[in-house]
Amino acid sequence: MIASGGVVMAGDVTSTPIKVDRLDPAADRIIPNGAKLERVASGFTWTEGPIWTQGALYFADIPANSIHKWSPSGGVSIFLKPSGYKGSEPYGGPEPGSNGMTLDTRGRLTVAGHAQRNVYRLESLSSSAPITVLADSYQGKQLNSPNDLVYRSDGSLYFTDPTYGLRTQKDDDPDKKLKVNGVYRIPHALDQKAGATPARGELQLLVSDLTRPNGIAFSPDEKYLYVSNSEPKKIWMRYRVQTDGTLTEPKLLYDATGDKRPGSPDGVKVDEQGNLYGAGPGGVWIFSPEGKPLATILTTEKVANLAWAGPDRKVLYITASSSVYRVHLNIAGAPLIRER
C-alpha cells in the first residue's frame with residue numbers, strides 16, 4: 001500500500017539478502033548467516049533520529065520538518081509537524097526540521113531541535129504534549145543547530161551542535177552566533193521541571209575542536225563517549241568520561257576520510273559488548289570497542305542514524321536517505337535508558 005506522497009505503509013516491507021564487507025572474523029559473531037536487510041518505509045527525503053519506544057519507531061524527516069511514527073501494524077503516520085522551524089515564512093534552507101532523538105529514564109522523548117536551534121523535551125508521548133526547552137544558548141549566544149544527543153545515567157544530557165540546521169549550513173552563516181561547533185553537557189537535564197526555562201548558566205562546552213560533531217553515544221559502562229565528525233575529516237573520536245561528566249583523553253578511533261563512497265560519519269550506537277555501530281561511507285560501519293573495523297553493512301542509500309529495538313534489542317533500525325531499514329543481529333544493543 002502506498003499513501004499519498006509516496007510513503008510505503010504497513011504490509012509493504014521488502015527484504016533483500018544483506019551485503020556485508022567483512023573486515024574481521026569477529027563480524028561473524030555479530031551478523032547472522034542469511035541476514036536480511038528489510039525496508040519498512042520509504043518515500044521520505046532525509047530520514048534521521050530514530051528511536052524505538054512503546055512498540056513503535058519514531059524518526060524525523062528533516063526537510064519535511066516532521067517527526068513520523070511507524071509501527072508494524074499501523075504503518076507510517078505523522079507524529080509531529082512542525083518539529084523544528086516554526087516561522088511563518090519558508091525556511092530558506094535545506095533542513096528545517098528536527099534531528100536526533102532519545103529518551104530519558106522517565107520515558108520522555110528528548111529532541112535535538114536542529115533548525116529550531118534548541119534541545120527540547122516532550123512531557124509525554126503525544127504531539128500535543130507540553131514542551132520543555134532544555135538548552136537554547138551558550139554564554140548568551142544562540143546555539144547553532146543541535147544535531148544528536150544522549151543521556152548519561154546521572155541524568156545529564158550530552159549533545160552535538162554543528163551547522164547543518166542553519167540555512168547555508170556553513171560556518172560563515174549570518175545567523176551563526178558561536179565560533180565553535182561544540183559538544184555540550186546539560187548537567188541536570190533529567191531534573192529540569194516541566195515548563196521551566198533552561199538552566200543556561202549551567203551548560204558546559206566539553207569539546208570545541210571538531211569541525212562537524214554529529215553522532216554521539218556512550219560505551220555500555222559509560223567510561224567513554226563516542227563522537228563522530230562528518231567533514232571535512234570523516235572520523236570517529238573517543239573520550240574518557242570523568243566522574244564529574246567532563247571529558248578527557250581524546251583519541252582518534254578511526255579515520256575514513258579517504259573512503260570516497262557516499263556517506264559520512266553520522267549517528268552512532270553501541271551494543272552491550274561495547275561494539276560501535278556508525279553511519280559512514282557505504283553504509284553502517286561496525287567497530288570493536290578499541291576502534292578496529294569489523295564490517296560494513298552495505299546500503300544503497302546514505303545512512304544517517306540507527307536505533308535498537310525489539311524485546312531483546314537485537315533489531316537494528318537504520319534511517320537512510322528516503323527510507324527506513326532494519327536488520328536482525330546476534331548481539332543485543334546496549335540499553336538506551338540507564339538508571340542512576
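**Exercise 1. Find how much space lies in the second largest pocket, and state which residues are closest to its centre.**

Solution. About 340 Å³ of space lies in the second largest pocket. Here a pocket is an open set of points on a 1 Å grid over the protein atoms alone, with protein on both sides within 12 Å along at least five of seven lines, and lining residues have an atom within 4 Å of a point. The volume is the space filled by probe spheres set on the points, which are joined across faces, edges and corners. Next, turn to the lining: 17 residues line the second largest pocket, and W46, Y164, S230, S264 and D266 are the closest to its centre. Finally, sort this lining by class, which gives five nonpolar, seven polar and five charged residues; Ala, Val, Leu, Ile, Met, Phe, Trp, Tyr, Cys and Pro count as nonpolar, Asp, Glu, Lys and Arg as charged, and the others, Gly among them, as polar.

Before going on, note that this is a predicted model, in which local features need pLDDT of at least 70 and side-chain atom pairs count only at pLDDT 80 or more, while totals for chains, interfaces and linings use all residues. Residues are numbered from 1 along each chain as its sequence is written, and side-chain values use heavy atoms, with hydrogens and water left out.

**Exercise 2. Describe the lining of the largest pocket, and name the element that gives the most to it.**

Solution. Begin with the volume of the largest pocket, which is about 400 Å³. Its lining is made of 25 residues, and those nearest the centre are I51, A334, P335, L336 and I337. The elements that give two or more residues to this lining include β4 (47–53), β18 (213–218) and β26 (303–309); strands are DSSP runs of E with at least two residues, numbered from the N terminus. Of the elements, β4 gives the most, with four residues. By class, the lining of the largest pocket holds 19 nonpolar, two polar and four charged residues.

**Exercise 3. Work out which strands β10 is joined to, and where its side chains point.**

Solution. First take strand β9 (residues 109–112), which runs antiparallel to β10 and is joined to it by three bridges; two strands pair if DSSP finds at least two bridges between them. Across this pair, T110 stands opposite R121 in β10. Then take strand β11 (residues 131–135), which is also antiparallel to β10 and is joined to it by four bridges, and in which V133 is the bridge partner of Y120. Within β10 (residues 119–122), V119 and R121 point one way and Y120 and L122 the other way, and all are buried, where buried means under 20% relative accessible area with a 1.4 Å probe and protein chains only. In a regular strand the side chains alternate between the two faces of the sheet.

**Exercise 4. Locate the residues other than glycine, N65 and R117, that have a positive phi, and decide whether each is buried or exposed.**

Solution. N65 has a positive phi of about 55° although it is not a glycine, and its place is in the loop between β5 (56–61) and β6 (66–71). With a relative accessible area of 10%, N65 is buried. R117 has a positive phi near 65° and sits in the loop between β9 and β10; its relative accessible area is 9%, so R117 is buried.

Technical notes. Buried means under 20% relative accessible area, exposed over 50%, partly exposed in between (1.4 Å probe, protein chains only). On a 1 Å grid over the protein atoms alone, a cavity is a set of points where a 1.4 Å probe fits but cannot get out, and a pocket is an open set with protein on both sides within 12 Å along at least five of seven lines; lining residues have an atom within 4 Å of a point.
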